[in-house]
Every structure is written in C-alpha cells, then in structure tokens.
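Hello,

Here is the structure I said I would pass on.

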Amino acid sequence: MEYPDQFNQEMSKNKAVHVYFSQAIPLVSYIDESCLFLKEKKCDICRGVCQADAIDFTQTKRKLDINVGAVILASGIKPFDPGVNDKYGYKKFKNVITSMDYERLLSSTGPYEGEVLRPSDKKHPKKIAWIQCVGSRRVIEGENSYCSGVCCTYTQKQVILTKDHDEKAECTVFHNDIRSFGKDFERYFKRAEKLPQVRFIRSYASIAKEVGKTENVLVRYATPSDGVKEEEFDMVVLSIGLNPPADYEGLKDKFGIKLNSHGFCKVDSSNPIETTRPGIFVSGAFQGPADIPESVFTASGASAQCGELLDYRRDKLAKERIYPQERDVSGEEARIGVFVCHCGANISSVVNIPSTVEYASTLPNVVYAREQLFSCATNSAQEITDLAKEKGLNRVVIAACSPRTLEPLFRDTLREAGLNQYYCDMANIREHCSWVHSRQKEEATLKAQDIIRMSVARACYLEPLQEFDLPVNKTALVVGGGIAGMTCALSIAEQGHEVHLLEKNKDLGGMARRLHTTLEGLDVQSFLDDLTGRVYKNPLIHVSHEATIKDVSGYVGNFETLVKTEGRVKKIKYGASVLATGADEYKPVEYLYGENHNVFTHLELGEKIANRDETIVNAESLVMIQCVGCRNKDRDYCSRVCCSHAVKNALKLKEINPQMHIYILFRDMRTYGFREDAYREASDKEVRFIRYDPDDKPQVEAVEEGGKSVLRVTVPDSILGQRLELDADVLSLAAAVIPSASTMEIAGQFKVSLSPDGFFKEAHVKLRPVEFAADGVYLCGMAHYPKHIPETINQAYGAAGRVLTLLSKDTVIASGSVCEVDDKKCIACGACIQACTYGAIEFHGKKQNQKALVNPVLCKGDGLCNAKCPTGAIVLKHFTDEELLSQIDAAVEKDKIMQ
Amino acid sequence: MCSGRVDLKFILRAFLNGQDGVFVGGCRLGECNYTTHGNYDALNMTHLCKKIMEYIGLDPERLRIEFMSGADGILMAKITDSFTSQVKELGPLGKKEGIQRKKLKSKLEKVIKLIPYIKLSKNEKLGKHFDNKEEYNELYTIEEIENLFNEIPSYYIDREKCQACGICKRKCPVDAIDGKKDLVHIIDQEKCIRCGTCFEACPSRFAAVTKILGRPVPSPVPEEERIIVRKSKEKGAKTIECSKEY
C-alpha cells in the first residue's frame, strides 16, 4: 500500500512499513496508521516475509511512568502554514510551493531523487521566484509579527543549490531587509547575489494569478524605479517562517510553564535556557526562532544546567565492561575467519551467500568462513566470539555493511574473544554492493567476492594497536572574565569542578560593564553584579586578575599554562579550557568621530543615556548611522547587535524625551527574532528609519545653524528620490564589533584557528559550534562572533556542557590509528610537519640528526603526512602502505595482473 | 583515514596491476569535518599524477577524482556509471594509447621507483591549497614534468675523496650505501631513492658525494680497490684526531 510520504512533504509515496527517512536515528522501520492490517485486518504480508520474526501487530500505545530529576523541552518549531491566508495561493496554484517543499526537491533523498521538478508538469522550472517573510514580520491575523531569523539565509542556500543543479536557472528573490546577521552569512549572501541570472529585488511581492495553460505563476511587485510590475515565473517558493511547536498550549499545560505572547517558551534573558518552572529547561527554537548552530549549543547548555542539578548522580547507572585478557598473536601466522552477513534479505537477496562463503574459505590464510543472518545480532556476535576461540582465529573479516555504523560493535566482539580490536576488518558488501547492484545478481556476487578477497589480503597485515587511556585533569581553565567566561565558569563549578578564571583587566565584567539595558529589559549592571558576586563566592572558582598568558603546553585532559597575574607567575594545570576573550568596539574614523564632541558610538550613547547626560536627553534631534566599520571591504561581516542596539537606544530616548526627533540611517534593519517587535514599536513612536546605499553613504559636516552648532547629515532618500538634510544635535555611530586585540596571540598559544574575519573558528559551524578542532579547547561569547547577551549566555552554558562531557570522564581514549615515524627512514625534510594541521609533529634530536616525532595524542589519523613523506618514514597505523597496497593488489586476481 | 592519505604510489600501483581506470572519492570540498581539508591534497596529487600519466603516454582521463557527501548516493551512482562507461570506451590500459604492455609496465615501474624523488621535488606544490578547484588545472604543466624526469639526479661517491667516515651510510634512509672502516663507500644505484641525504651529510671537507645530472653514473669501484690508503698515516698525530670522528 502506498501513501503520501510525510517526510517528503507528501510529494512522493511511501509505504505503511517504512523508515521515516534514510538518515533517521534510530534507522529502524516501523508501521504507521496507514497499515491495512491495523485498519481493516486485511493484510499481513510483511509478517510472513520477515525472517527475524520482528513484526508484532499487537503492540499498542503504552503509558510509562519515568522518574526524572530534570526535563529538557526541545520540541522545535512548526513551519508556518501559508494555507491560512488565501493570498499566498498555496495549494490553490500547483506551482506555488513552500521552502520546506523546495528543500525536499533539492535533496537527493527527496521525491525526485534530487531533481528539481515543478509540481504541475514535472518539468525543470527555469524561472523561479522566492517570496520572503511569508508568515513573518506581518501583523495580520494568523501570521507572525516577529522575524523568523533563518529564512534569508536558507533562501540564499536554496538559490546557490538551484544554480548547482541547473546553471541556467533564473532565480529571483523578493525580499525586505536582507538579514545576514550570522557568522559568515554576509559573505554567503554576496556569493548568492553575484551568481549569474540571480536577482535580489527589495519589494513586497504578491501572487497575482495562475497563467492559463502553462500554469505559471504571475507575481506582482513594485520597485522605486519602475513602479508596479507583473512578472511570470515557472514556480514560486514561499519562504515560510517559524511558528511555535504545534502543541504549544499543550506543552504549557503539561509542564506548567509559561509562554510568551507569540506562543514560544517564556524565558528570562539572564538565562534563556531556563523556563519559568525550576528544573524544566528549554533548548532549540522553542526558545524563539533559531538556526542550527544556536540550537546545538543551547542543547549542550541545557545539558549543562541539568548537570548542575544532577551532577551528584552522574554515572550512578553506568556499569563498566570487563574484557578478557588480550591474547598475543603477533608471532602467529594469520588465521582469518570470514563471516558473511545476509543482513536479512538486504544482502542475500542479491549476493549468493553460500557460494561467497565457499569462495572465501579458499582464500589464503582463511581458516574458517560461515554465513550469518544478522552479524550484528547479539547471538551472532556471541557466535563470532565463540568461533574465534574454538578455531584459533587471530583475524576476523566481517563481510556485511559499512564500517561507519557497526565497526565499533565488531571491534568489541573481538575484544570479547581476547583479540586486539584492530584485528577486525569489514568488507562492505551491502552499501558498496548489494544495495547498488540489486538487478545484477551474478556480477554482484563476483564483486562481493572481490571485496572480501581485498579485505582478507589487508587483514593479513593488520597489527595489534593499543588505544591508550589518558588521565583527565578535572580542572578547567576559562580565559576571559566577561559574561560568557563567568557564566561558563560558574556552570562548570556548579557541576563540581575547579575552575581557573583569567581576566586581563582589574575587574570582571568585560564589555557588558558598558551596557545598561537590553531590549528584553534586563538591567545589565545589577545582573553583572550578581554574576560577579556568585563567581567570587564560589569556592571552586579561582580568579586571576590582570592576567596574561605566557605559555600553553600539553594536550586534551592534561594542559599546563603559565600565567602572569598581579605581579607573579603561576602555573595552572587543567584538563579543558574555554576561550571567552570577548570582542572590542571599533574606533570609527568616519563621520567626524573623535573630532566633534557630539559624535558618539552606540555604546557611548547608551552609557550617556544611563547617566541622563544633559546634551543627550535634551537634544532636539539625534541621528544614528548604522554599519560603521563593517559590511565593507575591510570587515566583510555584520556586527549583528547594532540594529537592535540602535532601536533600544531610540526607544529609551523616546521614553525620556518623547519630543526628540530620532533618525536611524540603515542599510538593512537586522532586528531578527522577537526584536522585530521593538523595531515596529520604534517606528510607531515616530523614530524615522531611512535606508542608505553603501555606494552613496551619508555625509556629515559640522555647521552653524540658527545660532547653534549642529551636525548636518545629508543622505539620499531612495523612496523620495531626493537628498535629505538632517540637522542633528547628536550623532551616534553603530561602530562595528571587532575581534579583541588579544585574539591572534591567544589563538597561537592554544593552537586554534581563526575565521577570515579574525574571530575564533569553531571546529564545525553546525556540528561542533563551541569546540575547537584542537581537542579539549572550547569557545563561547563574542570571541566567536558578535552576539547579544542572551545569546552569549546560551553559548556559555553550551561550552560548559561540552567541557563537562570531557571533565566528567576519568580518562580519554586516544585512537591506536595514529602516525608513527621510523627514525631510520626519516630524512628530516619536514614535509610531514607542513602537512599536519594539528601541530602533532615536531622535530626532535640534535640539529645534525633531527627526526620528525609524532605526538600521538594530538594526531587525528588523517594520514596526510604519510602521503607526503618521500621515504615512507612516517606511517599511519592501521592504514599503512603495506595494508592498503595489499588491498590494491588483491583487487585484481593474480592471473590477470599485467605480465 | 582521509582522501588526502591516497598516495601517488597507490594509483600508479593500480595501473601497474593492469587496472584500466582509477577513481578517487573524497568529501565535498570545503566541507571537511576537521580543519585538515585533506581532500584538496588529494585533488592536488591527482593533478600531478595525471600529468605524469600524460608524460608516460597514458590517457590521464583514466584517473578521476570526485567529491561528494555521505548523502550523495545518487550522485555517486551517476559518477560511477559515467566513469565506468568512459573507461570502457578508453578500452584496456595502453591499447588506445598504443603502448605495449611490457613497455608500459617498465615505464610505470620506473616512475614508481622515482616517487620519493617526485615527492621531494614537488613537496611545496603538493601542499598548495586553492579555494577554487579550477586553479589546480594549471598547477602542473607537462614541460615541468618533462624537466622533472630529465633532471633526475644520481649520487656517486668519489673514490679519491671518500674517507669512509660512515656518516652517509648511517644517514641513508634506505640502506643503499655499503661501506665500512677504511673501505670506500659505494651507493647501490638500484636501492637509491635520490633523496640527496648523503650529499648533504658528507662533511664539506671531504665533499666525496657528488650529484650527477644528465650523464651516466661511473661504475662502482671494484671491490679490491676500495681500501683507503691514508696519506695522513705518516703524519701520526693528525690521524688520531681524524679517527675520532670516524
């Protein structure tokens, strides 16, 4: 029976028995409500064909009582449904789809296997339009007033991918502000914008109608130069925003938490991970619209806060495995056992298993071969263990699936048999064979035999390798005593670990010392006082003031740092470090800054507002200029915080002096998320927002007007088509957030890398957003990229969560598959040192007789050095030349080798 | 293991084994999960390999590198199909190129022997990373490869100068130097990988190792003539000084 596939947005069919999608975790098949047997007791074919007898129709919903100490709500979001408003034409016109639909079209596991076909005639659309802000930034019943924060960038991604699919495709994006506020997003936008036949048009756009037989879609929009226009597109993609999770009211009632006015979880900006109910935490976009990296670090952050509550119970339910003594087989000739897996029918329906087993047993050094229904099943693993002992096997080849998923299991099986785990090799006859050759059974069988022969050849050369346990020093080092560093240090200490907190200044607090309020209404100074108080009172936190780092050495779990602090030098030993060194404010050279005493930066303005400075609060007219010192050639990024900063200051000033004329000159207003409401409020309170073009920037001059000196700001107004002259008493500049001066030096000391803009570079933008590629070193706060206080706090908890995954262990395991140098063969050419990005290789020995030496703890086993070494002196263990060449040789049957 | 671990040797060995085509697969460029981005190294190395193939008369199209992610199964199938049909069209190794198997084999064996020299000479270039894939196309030129193979150095120990100090023998990474006390050292040209370590190691006051370019290596000193007669023997004291170093 076929039913619309929900994962593919119902654009293709799936069956009642299915896996949700090909990369689902756990990757198991299940039966859903569309099953005929469940509905009408009519069919149970699946039960008949299942060899493992795994289908059970009697299963029903069960109610479970689980006792827990903390709860994390990670319910995510629900995509906005454009069906609520007829004007979007969704489901009315065939070729109007949502960005979620389009995402599936682009995917290789999507409805048309990665081909972009439009719904009406399954043809490749040549001309595609995206309409931004669908369901977002609109105060209309059923839609959302806030900005969903992710749509600008995901649309740019879709444009780039569309051009990858079809370089002739014409892509048009109808947008409002381009909100590329994330790390590296500005460059990404430019990349999309520069592609040929790609247009970004700033205009509201509406779906006018479907065009006759072609079923194309007519889009109506307006530009300042051409007025209202209509244009036909083959397909229109609605860039839909994020709604709160489907059952947000239910979540509220079940968990006894409060929601904000938009239906997202109500949180306090001093700790956005905590709900209004103690012990219940929230991560991901239920906090408010968020992209993947933020969701990932708020998840780690939520785990850290659970840890603070439950650390005393950590590892109480864990049991230690005890393995039998490892047998030394290094002197023996290779005795290989080959186990060929049916994988149910996955392999055996294509590959002839009995003949493959028979073939395997004829191979050199193979002393035993047999088939198994599921090699990964518990009884099969036991069988492998038993047979290894009984037959005296010293190498095992598992001919089954990709090592990616199950190699750890089979390595474990070998350990159970008293063999070194590196004596295991997997021959992938499923992904590399049966799955891709389902219609060529004979050839597939021969190929399976080839793969096994290669694996057996390699197995002969496998060597026992030792993974080593490195003890973990349970102390942490946090560099930087701002909000990020203090929050992170406190969370680590609350989970029972000592923390050394280094601050370069005399006082804790960092950049936040200069902030007074946030848009969310946080009183920053009293929050900061509370935070520093808690840091000083915590007996596990040791603060070093006026600290400079002299030297860093060691590796994951065992670092050592020399710190100069308040006139003395101390040595700190620790297992993990967090770099939270913050950022600096750009000192503008533009717009008379530093020349005229009425020109300030937003930070300075905020301080003066807090002090109720007369010049400021009594000003008749105040102009703000956005994007000063960034989004330009020198700094090709958006400082993220300044738009909200400007709106915050404007609102505060309007509150104090409602008569003040305030003008904000901007390029794109980037008040993403719920900050959009404040932007709207400012606009309602008659703060005037004037867009300027970077090619025609505002001009500022100091002039005398009506007997007083004013700052005359001239700016072209694109809507009115004329130049505006604004006479301001005060000018405030959105000065860029720039990497802190010490970033470069610290990066060198900790051997971590920097992004092109000079901020710290995380190991992986999405998967490892608070870790460096160097093990045991983490990051958070503005040192990573400019961000608001709640975001900094989220990330600081996130880093604490990751630190705890390391510090809560007694040891870390270093892989045995690392590089090693044969001194005799090393000619000290340095090629390996150059190739290693982990700094794991250094020269050692006297100058005349230097040799390369690998620090196995830093080596990640990529083997780049091995490929560069001219003499074969450096060897990646487990992937040696010998092992790999034996496989290459075995790929050809002996008699076919070139004579 | 990263695609950057794929060695020049692996590819040439596969051809030596008679494979008609070799395919290298790596992760998508720019999407490395680590900081290494070793797939650029793999890309770089295949470009060098293609030029070497061209030099020895093999169609470089027999080698292909492609980049894809774990979710690109369909792309992988497409690429595999296209490469397979391309290699089928090219036919058995050497046939279209018009090289006899025997000749091809000896050519490949010769190149494989020279891999240490190639890696050393091109070390700097092999480590180059460009953001743009196309930039690699221009990285190696056929003239460059011709020069590379025309300028293969040999090393030879001058019987007149060698003092049998043993330094070169100790330092040779492949044990290609034979010698003992008072016996002129000899480089086994078959074993030698032309790394020049002996040339660098020989004390400058002896300068016994010579680098030979573009002419045949003199035949080794006959066994019976290898004994070194030291003039300095007569001068007594100086001998002791020297022998300390030996």
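This is a predicted model: local features need pLDDT of at least 70, side-chain atom pairs count only at pLDDT 80 or more; totals for chains, interfaces and linings use all residues.

Residues are numbered from 1 along each chain as its sequence is written, and chains are lettered from A and ligands numbered from 1 in the order in which they are written.

A nonpolar core here is a set of buried Ala, Val, Leu, Ile, Met, Phe, Trp, Tyr and Cys residues joined through C-beta atoms within 7 Å; buried means that 20 or more other C-beta atoms lie within 10 Å of a residue's own, with C-beta atoms placed from the backbone. The largest core has 182 residues, of which Val236(A), Cys488(A), Ala489(A) and Val578(A) touch the most other members. Helix 20 of chain A (residues 789-807) gives the largest share, 9 residues. Helices (H or I, at least four residues) and strands (E, at least two) are DSSP runs, numbered from the N terminus. A second, separate core of 75 residues includes Ala867(A) and Val111(B).

In strand 37 of chain A (residues 730-735), 6 of 6 residues are buried. This strand pairs in the parallel sense with strand 30 over 3 bridges and with strand 31 over 5 bridges; pairing takes at least two DSSP bridges. Leu731(A) is the bridge partner of Val599(A) and of Val623(A).

The contact between the chains (C-beta atoms within 7 Å, placed from the backbone) takes 40 residues from chain B and 40 from chain A. Helix 1 of chain B gives the largest share of the chain B side, 5 residues.

Regards

How values were computed. A residue is buried if 20 or more other C-beta atoms lie within 10 Å of its own, exposed if 12 or fewer, and partly exposed in between; C-beta atoms are placed from the backbone. Two residues are in contact if their C-beta atoms, placed from the backbone, lie within 7 Å.
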